[in-house]
Structures are given as C-alpha cells and as structure tokens.
Amino acid sequence: MEGWIGRFTKEFLKRSGEHLIEVGITGSGKTQGLYWILEGLIHHSKDTIVWFDSGKSSEILTLSTMKELNLLIPEGLDVEIESEREIDVSKTYIGDLNEIWMRLDENRINVITIWSFILDPVIFTEVVAKIFTSLIRYAHEYRIKTPLTIFYDEFHTVAPARGHGLSEKHYRYGSVVQLNIERLRSLKIRFVATTQGWTKIKKGVRDCFNWIICRRGASFSSDQPKLQRFNPLFEKLKTDECIIVYPTKLFSDIIKLPRYDDGESLGRVRYKGVFEHSLLEEESLNGVKSRG
C-alpha cells in the first residue's frame, strides 16, 4: 500500500494541474477522501487551496484542524463558528461574485461558503455560472495565482449530463466548463471533485479527469470498459477503502484511508441569511472588504 501511495504522491500531489474525481454512492466516504487528498497537498505541494463548502457536517471545522482558514462570504450574509477549540479563521466578504478568485489567500485554505445560503435552484444555476465563468476568464487573462487546486463535492452540479441538470440553462452552462477544463489544467488549475455517479457528469467533462478514485458503489458505463468490468469489486469496498485508478488505467490495490474527525464533533457552523436574487443584481454596485 505504501508503494501505491508513494506513487500517488509523486505523480499527483507533487504535480500541478492534474484533475481527479472520486466516484461513489452517498455514504461511501468521499468527503473523507477529499480530506486525505487535501492533507497530502498541504504537505507535498505549494498549491493555493480552494474548498467549496457544501455545508455538510460542519466540514469547515475539520478543515480548520489542518490549516488556517479564509472564509469567502457573500456581502450581507455571515458564517458563525462555535467551537471549544481555538480556530484561526479570517473572513473575506465579497460584494461581487466575479471577484472571488481575486481574494484568495495563498497561505490559508480558502473556503467559498455560498451553497448553504442558496435555497432557490434558479439562483443556484446563475451563481454556478457566474463563479465558474469568472474563473475561466481570469485564468485566461493570467490574473489568478497558480498552481491552484479547487475541491468541489458533487461536481455534477457544475457540469451535469443531459437529464441531470436543474434546468436547460444549467445544462448549457456545463458546456462552458467542458470547453475550458483542459485549458485550466494547462494553466496549473486543477479540480479535485466527487460525484455520486459517473454518468451524472457531462461526458466531455468527465473524460478530462485523468485520475479516478473509486469508492463503494462506484459504477462505470461502457465509455470506461476496463473500469466497468470491475463494478462488482467497487460495490464491495468498505467506507474507509478506495482504489486509485492512474491515468494509464493501472489500478492500485485496495487502500485503507485514515479517518478524520467529523466537524460536528468539533463544534457547530451556522449560516446566517439567505442568498436572494437581488444580491446578483446589486453585486456590481458593492465593494469587497475583508475583516478578521
């Protein structure tokens, strides 16, 4: 197992611009896998880290055990952290979502806290489009400091396959990601993502993930014939086990991953406010400010 992890460290963690996706059913340990990769990047790379907060299980508190945090929060909303532990966290309030990528702190884990404030699927689609089109634009203009690694749970919400989007507009926005995801890789911007289902992600996008980590219940279609043959094996993996699939489609042995504390065991995170459509309309009138 150490040999497989050593190779993963050398060929992925220490090499910028390699997209990776974890595939597995709900409850298969995918978030724990993200923590493991994040810890590895902290120790073995100089990447600036961005983590999209899903709001599940107070994951911000788990992140805080690894490194100092910079919370990026839409102006007018807030995040409150309750914990008996002393946590080093700064807050950056964003008035214009286009500017998120300009407010990253390379010395901290940058946590984009926005999804827990959104209740309306129409607003969700528009925010996804705005954040990722600005990422692509600023990357093309070389305005983003790289190397950069972006952690995103449930990536099918960014580039859904036909029939898995919230709307036709949501599906079309995924085409923008498809057009640019390889360009981002060449600019040393990579995604470390998860999905509940391989085919939930737009095909042109999922094909760009050269690295795959299989968790329990991972199921592959005929566009990945070698992986498809091993669907029964993936079905039997335990929640602390994974199989790494290298870009050459070489499989690792079953790897047992460490267990990280659940954030809720460390305290509680509260999200105050709701992201309304008016914030999208007015954001261009607002400034950007930071405070600790």
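These legends describe close-up views of a predicted model.

Local features need pLDDT of at least 70, side-chain atom pairs count only at pLDDT 80 or more, and totals for chains, interfaces and linings use all residues. Residues are numbered from 1 along each chain as its sequence is written, and side-chain values use heavy atoms, with hydrogens and water left out.

**View A. Helices α4 and α5 pack with a crossing of roughly 20°.**
Helix α4 covers residues 121-140 and helix α5 covers residues 168-186. Helices (H or I, at least four residues) and strands (E, at least two) are DSSP runs, numbered from the N terminus. The two axes come within 10 Å. Axes are lines fitted to C-alpha atoms, for helices over the stretch in contact, and angles run from 0 to 180 degrees between N-to-C directions. The angle therefore makes α4 roughly parallel to α5. Angles under 35 degrees count as roughly parallel, over 145 as roughly antiparallel, 65 to 115 as roughly perpendicular and the rest as oblique. The crossing of α4 and α5 is left-handed. A crossing is left-handed if the near helix is turned anticlockwise from the far one by less than a right angle, and right-handed if clockwise.

From α4, the contact (heavy atoms within 4.5 Å) uses F124, T125, A129, T133, L135, I136, A139 and H140. From α5, K169, H170, Y173, V176, V177, N180, R183 and L184 take part. By class, the contact of α4 with α5 has 9 nonpolar, 5 polar and 2 charged residues. Ala, Val, Leu, Ile, Met, Phe, Trp, Tyr, Cys and Pro count as nonpolar, Asp, Glu, Lys and Arg as charged, and the others, Gly among them, as polar.

**View B. The second largest cavity has lining residues from α4 and α5.**
Its volume is about 50 Å³. On a 1 Å grid over the protein atoms alone, a cavity is a set of points where a 1.4 Å probe fits but cannot get out, and a pocket is an open set with protein on both sides within 12 Å along at least five of seven lines; lining residues have an atom within 4 Å of a point. Grid points are joined across faces, edges and corners, and a volume is the space filled by probe spheres set on the points. The count comes to 2 cavities of 30 Å³ or more.

V128, A129, F132, T133, V158, Y173, V176 and V177 line the second largest cavity. Helix α4 gives the largest share, 4 residues. The lining divides into 7 nonpolar, 1 polar and no charged residues.

**View C. Helices α1 and α2 cross at roughly 70°.**
Helix α1 spans residues 2-13, and helix α2 spans residues 30-44. Their axes come within 11 Å. The two helices are therefore roughly perpendicular to each other. Their crossing is right-handed. I5, F8, T9, F12 and L13 of α1 meet W36, I37, G40, L41 and H44 of α2. The contact has 7 nonpolar, 3 polar and no charged residues.

**View D. The largest pocket holds about 370 Å³ of space.**
Its lining has 17 residues. G29, K30, T31, Q32 and K56 lie nearest the centre. Helix α2 supplies the largest share of the lining, 4 residues. By class, there are 1 nonpolar, 9 polar and 7 charged residues.

**View E. The second largest pocket has a volume of about 160 Å³.**
F52, D53, S54, K56, W115, F124, Y152, D153, E154 and T157 line the second largest pocket. The classes are 4 nonpolar, 2 polar and 4 charged.

**View F. The peptide bond from T146 to P147 is cis.**
Omega is near 5°. P147 sits in the loop between α4 and β7 (148-152).

**View G. K188 has a positive phi.**
The angle is about 65°, although K188 is not a glycine. K188 belongs to the loop between α5 and β8 (189-195).
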